[in-house]
Amino acid sequence: MLIKNVAAALPGEDDFRLADILVENGRFAKIAAPGAFTDRAGLPGPKGDDILDAEGLMMFPGAIDPHVHFDEPGFTHREDFAHGTQEAARGGVTTVIDMPCTSLPPVTTIAALENKLSIVAPKAYVDFAFYGGISGQLTQAEIESAVETLSPKVVGFKCYTVSGMETFTAVNQQQFARAIALCAAAGRPLLLHAEDPEVIRQSTEALTAARGKSAAVWRDYYASRPEKAEVEACMAALRLAGKSAPWLHIVHVGTADAAKIAASGGASCETCAHYLAFDEEDFATQGASLKTAPPVKDPSQKALLWRLLADGTISYVTSDHAGAPDY
């Protein structure tokens, strides 16, 4: 087919460029100036229904979202793989990487991975990959088995310092230290949800005591999980990782200092669109729809995160998509 008159985002260009794009056998065969495929000897061009006039439209490369929770199998009352990948395609996302924790059973064994793959593969509308999981329920031997058997099949592993999931609990320091060493040896990154549980506990207790019998407000959620929780968790993870720090990746960073600490220690990190667009003051209007873990932070963090994304301290933006019922 021929896509005509499209404003294309092309490699090496500072701005969109109008182009005609010839597609053959599912691949871009030629990119040329508008009109280049009309009455030009030697340049094949489709006719009729195979021509799409895209005047006024823009074409981007397909996006990769390396952090989604599509909830299948086990939590399809929230969302399933078909609908999750359909919405990804609608938004221009052509590849997703699905997390291991929002599946039943969680993807901590090769059997669980094969079970999940058999269920979701026929339903996928975009390309996909999986992470394996390191849960606090695993013994040291099970952690070793998980990394050994899953490494050839997954693109990385995921663990938590604090978790609200009974089916995928947080790891302790010994489990994390063993997991990061094994992941480094296997050549697979270990992704970490980095919030310090002790900071959260102390903040929650202090908030409860200060509020007394007064009604809670949405902004209390931010106060219970402050910037310090991310900072402390990142510092602890880097100490435990040691020489394996380059294989550590901190997910959904909402605090600028946490991103700086990760980068200075040799690790990588990501942020999410909600940390770049919202802050704790938006809880007043957005309410539960803005409840994420970690929560959005003080308004000053947005500008700082944008700067760190621009200079490469933060590697990329993900969605951390996790569908949930609206009730």
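## Exercise 1: strand S6 and its neighbours

Strand S6 (residues 63–69) and strand S7 (residues 93–98) pair in the parallel sense, with four bridges between them. Here, two strands pair if DSSP finds at least two bridges between them, and strands (E, at least two residues) and helices (H or I, at least four) are DSSP runs, numbered from the N terminus. Before going on, note that this is a predicted model, in which local features need pLDDT of at least 70 and side-chain atom pairs count only at pLDDT 80 or more, while totals for chains, interfaces and linings use all residues. Residues are numbered from 1 along each chain as its sequence is written, and side-chain values use heavy atoms, leaving out hydrogens and water.

**Solution.** 
- Step 1: check another partner, strand S15 (residues 321–322), which pairs with S6 in the parallel sense over two bridges. Valine 68 has histidine 321 as its bridge partner there.
- Step 2: five of the seven residues of S6 are buried, so the strand is largely enclosed by the rest of the structure. Buried means under 20% relative accessible area, exposed over 50%, and partly exposed in between (1.4 Å probe, protein chains only).

## Exercise 2: the six-stranded sheet

**Task.** Find the order of the strands in the open sheet of six, and say which strands sit at its edges.

**Solution.** 
- Step 1: the order reads S9-S10-S11-S12-S13-S14, with parallel pairing.
- Step 2: the edge strands, each pairing on one side only, are S9 (132–133) and S14 (316–318).
- Step 3: zoom in on S10 (residues 157–160) and S11 (residues 190–193), a parallel pair with four bridges. Phenylalanine 157 has leucine 190 of S11 as its bridge partner.

## Exercise 3: charged pairs

**Task.** Count the salt bridges in the structure, then see where the partners of two of these pairs lie.

**Solution.** 
- Step 1: there are 13, each with a side-chain nitrogen of Lys or Arg within 4 Å of a carboxyl oxygen of Asp or Glu.
- Step 2: arginine 225 pairs with glutamate 195, their closest N and O atoms being 2.8 Å apart. Arginine 225 is in the loop between helices H6 (219–224) and H7 (227–241), glutamate 195 in the loop between S11 and helix H5 (197–211), 30 residues apart. Both residues are buried.
- Step 3: glutamate 230 and lysine 297 also form a salt bridge (2.5 Å, N to O). Glutamate 230 is in H7 and lysine 297 in the loop between helices H10 (283–286) and H11 (300–310), so the pair ties together parts 67 residues apart in sequence.
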